[in-house]
Amino acid sequence: MTQSPADTTTFDIVILGAGSGGYAAALRAAQLGKSVALIEKDKIGGTCLHVGCVPTKALLHVAEVADEINHSSTVGIQSTLDSIDLKEVLAFKDGIISRLYGGLQGLIKAAGITVVEGEGKLVGPKTVEVNGQTYTGENLILATGSDARTLGLDIGGRVVTSTEALTLAELPSSVVIIGGSVIGVEFASVWNSFGVDVTIVEGLPSLIPLEDPALVKQLERAFRKRKINFKTGVKFSGVEQTDSGATVTLENGEKLEADLVLVAVGRGPRSAGFGFEEAGITVDRGWVPTDERLRTNVPGVYAVGDLVPGLQLAHRGFAHGIFVAEEIAGLNPQPIVDSGIPRVTYCNPEIASVGITEPQAREKYGDENVETYEYNLGGNGKSQILGTAGIVKLVREKNGPIVGVHMIGTRFGEQVGEASLIVNWEAYPEDVAQLIHAHPTQNEALGEAALALAGKPLHSHA
Ligand code: FAD
């Protein structure tokens, strides 16, 4: 760090935003010997750590405990769920966040990264002003992330986004969730396990519309069984709230009454008012487009994470951050391709997938050049012990590699690692069939699906 005559502090890299993308870039750049300023207006760790991945997964864990208690008689244990102490639940969630937050702050400090607290605004192509002080980087990384979209609805009172939903003082008796994608189904799953009456409204024809149709079918069946209500293919036209409740009106005229409305209609880029366009950076409806090396149109300015159009996932942000740090250091890293990024939809049952869906494969290779296999978890010992239904579906290019792995079942997110290796290493079913999968694990289902697709099924039919 040096103080220049123009009273700006200069660094090799200035990073705007310390979420998954920004802090990963900072840590990797510091490892590579770069001086780094990391500017954050809220808390290091960003959405994922404080109001995203981590708190929601903590709540899902509590939900799983509640489910286990409610269903314990099926394994011979008599128990009843007396009550849910939401205050204690939130303390459990907050304890996890604060431990991880402390650890992250320690890593940033130990790496010698200069943390600048406050909202940054670009006052030049690579100069950011924070509280009257300017910071200039030889390179600038934009990592300002995303915010919940609200489609013009006023958030407050009984109408909340995921952020407010994480700190409710009391459990609602009923909730309408507008949006049936990842965040919507996640909260639906938690609240249903907590005994809340849940109805999801999704404008597209199905829940989790971006996943393979076979998984959609399984999830919808599981949700019906759990008595999670959902209305698909219908849009809402308005939301009204009073002191005692809220009403969601649908475009077909139907009215849904609830205690609380969760607006979960996706996330949009957080870039307005930060001076990006004034500094000459191309902005497209708030997003910052980049080339495959995550360069913006301005030399030396990069963008990472949710701000860049594509999958909005924390591990994509980490990968982007590491990529840009290595790119700046001249290591010539491999570009990050969205289709190779593993995706998990955290609810019960859990969805885990990598690569392209069957319809996408048919579109890409032609109907006659696609082969698929669906292994039913009915044949998997561990799945039966856990009491989960589900499938592992493989999609392969005919006589070629596996291009998509699509799985659903309790705890299946934990299986996504092998799926990711299979798709990204372009493995053939025959390659995977040779690998030995431990028995009895749910991981075996992946091996069984590959065995079947390679023409030698063991616990299934070809
Ligand atoms: P962010 O994490 O949003 O970080 C951006 C940071 O920049 C913020 O800290 C912000 O305060 C700061 N900032 C913005 N503008 C400025 C400025 N002008 N000056 C200074 N600081 C600024 N992803 C997963 O992979 N797995 C999950 O399970 C998962 N669950 C989720 C659950 C929910 C409810 C939500 C909302 C998201 C979830 N996500 C999940 C998505 C994940 O949180 C995001 O993909 C990830 O946080 C994106 O990282 P980012 O660094 O791009 O942005």
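This is a predicted model: local features need pLDDT of at least 70, side-chain atom pairs count only at pLDDT 80 or more; totals for chains, interfaces and linings use all residues.

How far apart do the C-alpha centres of domain 2 and domain 3 lie?

1. The C-alpha centres of domain 2 and domain 3 are 29 Å apart. The contact between them takes 10 residues from domain 2 and 13 residues from domain 3. For orientation, the domain assignment divides the chain into domain 1 (10–148 + 269–338), domain 2 (159–265) and domain 3 (349–453).

2. **The ligand and its shell.** The ligand is surrounded by 39 residues, and E40, T47, K57, D306 and A314 are the closest. By type, the shell divides into 12 nonpolar, 17 polar and 10 charged residues. Domain 1 (10–148 + 269–338) and domain 2 (159–265) each give at least three residues to this shell.

3. At least two shell residues come from each of α1 (20–31), β3 (36–40), α2 (46–51), α3 (53–70), α6 (182–193) and α8 (314–328). Which of the elements supplies the largest share of the shell? That is α2, with four residues.

4. From a backbone N or O atom of K41 to a nitrogen atom of the ligand is 3.1 Å. For G120, a polar backbone atom is 2.9 Å from a nitrogen atom of the ligand. At D306, a backbone N or O atom is 2.8 Å from an oxygen atom of the ligand. The ligand on its own has 990 Å² of accessible area, and the protein covers 96% of this. D306 also belongs to the group of closest residues.

5. **L140.** Is L140 buried or exposed? L140 sits in strand β7 (residues 133–142) and is buried, because its relative accessible area is 0%. Apart from neighbours within four places in sequence, L140 is in contact with V14, L122, P125, K126, V128, G300, V301 and Y302.

6. **E220.** Helix α7 (residues 213–225) holds E220. This residue counts as buried because its relative accessibility is 12%, and the cut-off for buried is under 20%. Setting aside neighbours within four places in sequence, the contacts of E220 are S206, L207, F230 and T232.

7. **L453.** Helix α13 (residues 444–453) includes L453. With a relative accessibility of 13%, L453 is also classed as buried. Beyond its neighbours within four places in sequence, L453 is in contact with E371, T372, Y373, L394, R396 and P429. From the C-alpha atom of L453 to that of E170 is 49 Å, and the two residues are 283 apart along the chain.

8. **Two cis peptide bonds.** Please look at the bond that joins N348 and P349, which is cis with omega at about 0 degrees. P349 is in the loop between β19 (343–345) and β20 (350–355). Another cis peptide bond joins H439 and P440, with omega at about -10 degrees. P440 belongs to the loop between α12 (429–434) and α13.

9. **Positive phi at N399.** N399 is not a glycine, yet its phi is positive, about 60 degrees. The residue is in the loop between β22 (391–397) and β23 (402–409). N399 counts as exposed because its relative accessibility is 62%, where exposed means over 50%.

10. **Positive phi at R411.** Where does R411 lie? R411 is in the loop between β23 and α11 (416–424). Its phi is near 60 degrees, a positive value in a residue other than glycine. The relative accessible area of R411 is 37%, so this residue is partly exposed.

Technical notes:
Residues are numbered from 1 along each chain as its sequence is written. Side-chain values use heavy atoms; hydrogens and water are left out. A residue is near a molecule or strand if one of its heavy atoms lies within 4 Å of it. A polar contact is a pair of N or O atoms within 3.5 Å; within protein, one must be able to donate a hydrogen and the other to accept it, and residues adjacent in sequence count only if both atoms are side-chain atoms. Accessible areas come from the Shrake-Rupley method with a 1.4 Å probe; for residues, only the protein chains shown count as cover. Ala, Val, Leu, Ile, Met, Phe, Trp, Tyr, Cys and Pro count as nonpolar, Asp, Glu, Lys and Arg as charged, and the others, Gly among them, as polar. Domain bounds come from an automatic or database domain assignment. Buried means under 20% relative accessible area, exposed over 50%, partly exposed in between (1.4 Å probe, protein chains only). Contact means heavy atoms within 4.5 Å.
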